[in-house]
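Subject: Structure handover

Hello,

Here is the structure I said I would pass on. Please look through it first, then read the notes below.

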Amino acid sequence: MDDRQVMERALELAREAARLGEVPVGAVAVKDGEVVGEAFNRREVDRDPLAHAELLALGQAARRLGAWRLTGVTLYVTLEPCAMCAGALVQARVTRLVFGARDPKAGAVGSLHDLARDPRHNHRVEVTAGVMEEESGALLKDFFRGLRAAEKHN
């Protein structure tokens with residue numbers, strides 16, 4: 001599996017989130033070429049502020065691998081992780097992060113902060129940014145454009 005193939009799956013998951021009225025973010029955790037976790041945002045559906053795609057996918061990976069240390073795992077996500085999710089990547093010892101669109105308002109892997117690569121942490125995450133950035137960004141823009149249009153008509 002290459003980065004684009006896995007990101008395609010993350011985008012499918014993000015589209016599923018959008019169909020449920022969730023912010024369209026999808027995440028896929030891979031170790032040794034095998035998917036060990038995948039999820040999409042579920043904050044609205046689950047009424048849970050922690051139900052970000054990244055955290056849900058990492059949780060699945062930890063359960064599947066039987067360990068909280070996710071060394072050797074690459075997490076693919078359609079949107080740059082927020083501070084909570086970037087912190088979780090560091091705490092879980094994720095080896096690599098691949099993300100699509102940057103998040104200038106809340107991104108914590110290069111936009112507002114760079115928690116994943118901060119040298120003060122005991123672990124740093126290798127980061128590849130911008131994989132399928134246009135597709136990921138377009139999905140988010142379309143979702144929020146639709147929300148604004150719906151609000152206008154209400």
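Phenylalanine 99 is buried, with a relative accessible area of 0%. Buried means under 20% relative accessible area, exposed means over 50%, and partly exposed lies in between (1.4 Å probe, protein chains only). This is a predicted model, in which local features need pLDDT of at least 70 and side-chain atom pairs count only at pLDDT 80 or more, while totals for chains, interfaces and linings use all residues. Residues are numbered from 1 along each chain as its sequence is written, and side-chain values use heavy atoms, with hydrogens and water left out.

Phenylalanine 99 sits in strand S4, residues 96–101. Helices (H or I, at least four residues) and strands (E, at least two) are DSSP runs, numbered from the N terminus. If neighbours within four places in sequence are set aside, the contacts (heavy atoms within 4.5 Å) of phenylalanine 99 include Met7, Val77, Leu79, Pro81, Val109 and Val131. Alanine 57 is 42 residues from phenylalanine 99 along the chain, and their C-alpha atoms are separated by 14 Å.

Now the charged residues. Side chains of opposite charge can pair when their charged atoms come close. A salt bridge is counted when a side-chain nitrogen of Lys or Arg is within 4 Å of a carboxyl oxygen of Asp or Glu. How many salt bridges does the structure hold? There are ten.

One of them joins the side chains of arginine 4 and glutamate 135, at 3.9 Å from N to O. Arginine 4 belongs to helix H1 (residues 3–19) and glutamate 135 to helix H5 (residues 133–152), so this pair ties together parts that are 131 residues apart in sequence. Both are partly exposed: arginine 4 has 45% relative accessibility, and glutamate 135 has 33%.

Another salt bridge runs between glutamate 38 and arginine 9, with the closest N and O atoms 2.6 Å apart. Because glutamate 38 lies in strand S2 (residues 34–40) and arginine 9 in helix H1, the pair ties together parts 29 residues apart in sequence. Glutamate 38 is partly exposed at 24%, and arginine 9 is partly exposed at 29%.

Aspartate 46 and arginine 42 also meet through their side chains in a salt bridge, 2.8 Å from N to O. Aspartate 46 is partly exposed, at 35% relative accessible area, and arginine 42 is partly exposed, at 27%. Finally, a network of salt bridges links Asp3, Arg96 and Glu126.

Regards
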